[in-house]
Amino acid sequence: MKGRKLLMIPGPIEFEPEVLQALGAPTTSHTAPDFIASFGNSLRMMKKVWECPDGQSFIMAGSGTLAMDMAGANLIEPGDKALVISTGYFGERYAELLKRYGANVSILRSEPGETVSLSVIENALKKDKFKLMTFTHVDTSTGVMVNPKPIGELGRKYDVLTVLDGVCSVAGEEMRQQQWGIDMALTASQKAIGVPPGLALLVASPKAMDAWKNRKTPVGNYYCDWTHWLPIMQAYEEGRPSYFGTPSVNLVAALEVSLKMILAEGMENRVARHKALAKEFREKIREMEFRMMPVNEDISANTLSAIYFPESINASEFMGGMAKSDVIVAPGLLPELKSKYFRVGHMGSVNLSDIVSTIAAIENTINQLKNLP
Ligand SMILES: *Cc1c(COP(=O)(O)O)cnc(C)c1O
């Protein structure tokens with residue numbers, strides 16, 4: 001196809017043709033029986049992908065940041081103490097967001113490419129009584145993956161609600177929300193879930209729903225308030241239409257198709273595919289004398305890679321060369337290191353040919369730079 005480029009950024013990603021077809025189907029009423037079924041199926045399938053059978057799923061029109069906002073709006077009351085475990089750009093965003101709802105925020109930061117150690121987190125939880133803590137499963141600015149399991153355990157031990165920003169992980173990395181004791185896990189459609197941008201998705205545990213029910217003050221955000229949305233989600237799951245704000249009819253139809261494809265592949269197979277392709281990608285990248293930002297394999301994400309330029313490569317020349325290739329990659333995101341690294345997304349429908357094409361484009365670009373006068 002003329003002008004066709006391979007989109008290898010950490011969202012939006014390459015989407016399956018079946019998903020795009022669903023998006024292009026004629027828009028129905030949000031109360032049409034087919035749409036009610038799509039919405040209900042999607043809410044139910046989300047709980048399978050998240051592995052949270054007891055959870056409450058929400059599908060909202062908006063981006064991943066709205067999904068983050070839903071946690072702040074519904075779970076924080078002015079004066080509540082919140083702990084943000086930050087492994088990069090999106091941790092900083094979460095701290096700012098929670099402050100808007102009046103939270104008293106403490107932040108634990110890692111160096112770029114590293115994680116915050118569990119002992120540092122536990123010490124903070126021992127010293128202070130927090131209502132909620134957030135962490136980023138895969139930080140899109142550093143390619144660092146945090147293991148949610150021990151953080152879920154700490155949340156239970158110290159009775160703190162745990163919020164997982166899974167925008168760059170859900171449906172790409174291992175996810176066992178209920179077993180791990182994660183109280184809210186959120187994402188957006190355009191990343192590993194594989195649907196064009198426009199849906200904020202989350203699953204909340206019964207404990208998170210109780211924390212919201214037991215609020216003493218009203219939710220300070222009209223659109224995000226679960227008082228409006230919980231009855232809508234319950235109605236669609238029970239096969240009835242209900243209205244608060246018009247749902248994204250076409251996007252929800254596309255979501256149903258994508259979730260069906262995800263479950264047909266099976267979460268274990270899907271995670272294994274992401275792991276194998278990410279490992280292959282990292283090996284080939286290292287052979288080209290690049291260095292990965294995550295300091296070791298155990299904390300390297302399988303959905304994207306953040307890659308430092310070697311001294312021998314001029315970053316802006318490299319990005320200029322890549323822009324002329326048939327593969328689209330992303331620049332750095334951390335403000336302090338922006339020109340020192342670049343990022344490649346490898347999630348969702350990604351296959352071995354995509355990995356090979358991306359490596360080839362990077363190799364060609366480097367060779368062209370070497371041949372410059
Ligand atoms: C992309 C991303 C977000 C923000 O999502 P938007 O859809 O751009 O609002 C938040 N957190 C993480 C980890 C992300 O990767």
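## Two domains

Domain bounds here come from an automatic or database domain assignment. On that basis the protein chain splits into domain 1 (6-12 + 267-370) and domain 2 (17-264). This is a predicted model, where local features need pLDDT of at least 70 and side-chain atom pairs count only at pLDDT 80 or more, while totals for chains, interfaces and linings use all residues. Residues are numbered from 1 along each chain as its sequence is written, and side-chain values use heavy atoms, with hydrogens and water left out.

The C-alpha centres of domain 1 and domain 2 sit 27 Å apart. Across the boundary, 28 residues of domain 1 are in contact (heavy atoms within 4.5 Å) with 28 residues of domain 2.

## The largest pocket

Now for the empty space. Rolling a probe the size of a water molecule over the atoms shows where such space is left. The search runs on a 1 Å grid over the protein atoms alone: a cavity is a set of points where a 1.4 Å probe fits but cannot get out, and a pocket is an open set with protein on both sides within 12 Å along at least five of seven lines. Lining residues have an atom within 4 Å of a point. Grid points are joined across faces, edges and corners, and a volume is the space filled by probe spheres set on the points.

Where does the largest pocket lie? Domain 1 and domain 2 both give residues to its lining, so the largest pocket lies between them. Its volume is about 430 Å³. There are 24 lining residues, and M145, V146, N147, P148 and D298 lie nearest the centre. The elements giving two or more residues to this lining are α5 (118-127), α6 (148-157) and α11 (267-287), with the largest share, 3 residues, coming from α6. These elements are DSSP runs numbered from the N terminus: helices are H or I with at least four residues, strands are E with at least two.

By class, the lining of the largest pocket has 11 nonpolar, 7 polar and 6 charged residues.

The largest cavity has a volume of about 80 Å³. It is lined by 14 residues, with I59, M60, A61, W229 and P247 closest to its centre. β2 (56-61) and α9 (226-237) are the elements that give two or more residues to this lining. Its residues divide into 11 nonpolar, 3 polar and no charged.

The second largest cavity holds about 60 Å³ of space. Its lining includes L7, M8, I9, I13 and E14, along with H346, M347 and D354. By class, that lining has 6 nonpolar, 3 polar and 2 charged residues.

## Helix α2

How does the span of α2 (residues 33-49) compare with what its length predicts? The expected span is 1.5 Å times one less than the number of residues, so the 17 residues of α2 should span 24 Å; the end C-alpha atoms are 24 Å apart, which agrees.

Most residues other than glycine have a negative phi, and most peptide bonds are trans. Just after α2, E51 takes a positive phi of about 55°. A171, in the loop between β8 (161-165) and α7 (177-180), has a phi near 80°, and at 0% relative accessibility A171 counts as buried. E289 sits in the loop between α11 and β11 (291-292) with a positive phi of about 60°; at 55% relative accessibility, E289 counts as exposed.

The peptide bond from G11 to P12 is cis, with omega near -5°. P12 is found in the loop between β1 (6-7) and α1 (17-24).

## Around I193

I193 lies in the loop between β9 (184-188) and β10, and at 0% relative accessibility I193 counts as buried. Not counting residues up to four places away in sequence, I193 touches residues including W50, A171, L201, L255 and I262.

Technical notes: Ala, Val, Leu, Ile, Met, Phe, Trp, Tyr, Cys and Pro count as nonpolar, Asp, Glu, Lys and Arg as charged, and the others, Gly among them, as polar. Buried means under 20% relative accessible area, exposed over 50%, partly exposed in between (1.4 Å probe, protein chains only).
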